[in-house]
Amino acid sequence: MHPILFEIGPLTVRSYGLLLAVSFIAGILLALRRSRARGLNQNQMINMSLLIMLAGIVGARIMYVIPHWNEFSANPLDIISPFQSSGSIGLTGLTMYGGFIAAVLVSILYLRVNRLSIWKACDAFAPSIALGIGVSRVGCFMNGCCFGLPTESALGVVFPAFSAAGSFYPDVALHPAQLYNAVLGFGLFGLLMWLDRKPRYDGFLFAVLLIAEPISRFFVDLFRYYESSMTLGSLGGMALSVNQGISIVLIGLGLLLLGWARNRARQRSSRSRSRRG
């Protein structure tokens, strides 16, 4: 647990912020290399990457603020100001799916406006998203946020009292849900890179991402703590989180995209054979 890595005068370098930055930088560098191999214009991909970073942070912040409005109603400026009314510096509170959805929507709009191949670009960026999840969730663990429920298993971690997890569950072993997500994120990254060894139809990798990541997220959330404002209700007696609800929607969209992209590739292949014939 190292939420603060070091301090230089008034500057505080936090582990989560640093690893979030690392995830963006590593992901963008990887995506640029992969998009170049797919024949996409590099200047346009750099511009889109900058939009992704901005949209990702804004979307993640908005999705956190909406269900936690009681934290900001007295001081709405805390939503956007790095200088919080509490005296702390930095924005605390981001929801990954909000950032993901915002980044995807902004990317698709940018690609359509510039008449670029949407699915080639999405496939180029798909492994970067999985890699970013893995890296940033390690930051969540070091920060002590996004923590799990109490457990008596050998995997349980007791977080220090100064962390969000430790203050809520003092001296109680919790599921390291952050590390579960990190391991699955790195695993999905490896899977996508492995699948990309062979030529695939456009949209395939992104569809796999849309299906596999929400499935893993849905099951990890069974072991994660959520406040009541982040729950939708119950499903078969099980409390369903907002993120699990979003996961179900994303899985459905991924399955639809997989079928649509496969059929489109078959139709194009059939038309190509007809022309040659």
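This is a short tour of a predicted model, stop by stop, for use with your viewer open.

**Before you start**

Residues are numbered from 1 along each chain as its sequence is written, and side-chain values use heavy atoms, with hydrogens and water left out. As the model is predicted, local features need pLDDT of at least 70 and side-chain atom pairs count only at pLDDT 80 or more, while totals for chains, interfaces and linings use all residues.

**Colour by confidence**

Start with pLDDT, the predictor's confidence in each residue, from 0 to 100. The protein averages 89, and 91% of the residues score at least 70. Look for the lowest confidence in strand 2 (residues 11–14), with a mean of 72, and the highest in helix 6, at 97. Helices (H or I, at least four residues) and strands (E, at least two) are DSSP runs, numbered from the N terminus.

**Select the main core**

Now show Met 45, Met 48, Leu 192, Phe 206 and Leu 209: these have the most contacts inside the largest nonpolar core, which has 40 residues. Such a core is a set of buried Ala, Val, Leu, Ile, Met, Phe, Trp, Tyr and Cys residues joined through side-chain atoms within 4.5 Å. Buried means under 20% relative accessible area, exposed over 50%, and partly exposed in between (1.4 Å probe, protein chains only). Among the elements giving two or more residues to this core are helix 2 (42–65), helix 4 (118–143) and helix 7 (204–220); helix 4 supplies the largest share, eight residues.

Centre on Phe 206. Leaving aside neighbours within four places in sequence, its contacts (heavy atoms within 4.5 Å) include Phe 100, Trp 119, Asp 123 and Leu 257.

**Hop to the second core**

A separate core of seven residues includes Phe 147, Phe 159, Tyr 169 and Tyr 225. Pick Phe 147 and Tyr 169, both buried. Their rings form an edge-to-face aromatic pair, 6.3 Å centre to centre with 85° between the planes. Rings of Phe, Tyr and Trp (its six-membered ring) pair if their centres lie within 6.5 Å; planes under 30 degrees apart count as stacked, over 60 as edge-to-face and the rest as tilted.

**Finish at Ser 107**

Select Ser 107 in helix 3. This serine counts as buried because its relative accessibility is 10%. Its side chain reaches the backbone oxygen of Ala 103 at 2.7 Å. Beyond its neighbours within four places in sequence, Ser 107 is in contact with Met 48 and Ile 52.

Conventions
A polar contact is a pair of N or O atoms within 3.5 Å; within protein, one must be able to donate a hydrogen and the other to accept it, and residues adjacent in sequence count only if both atoms are side-chain atoms.
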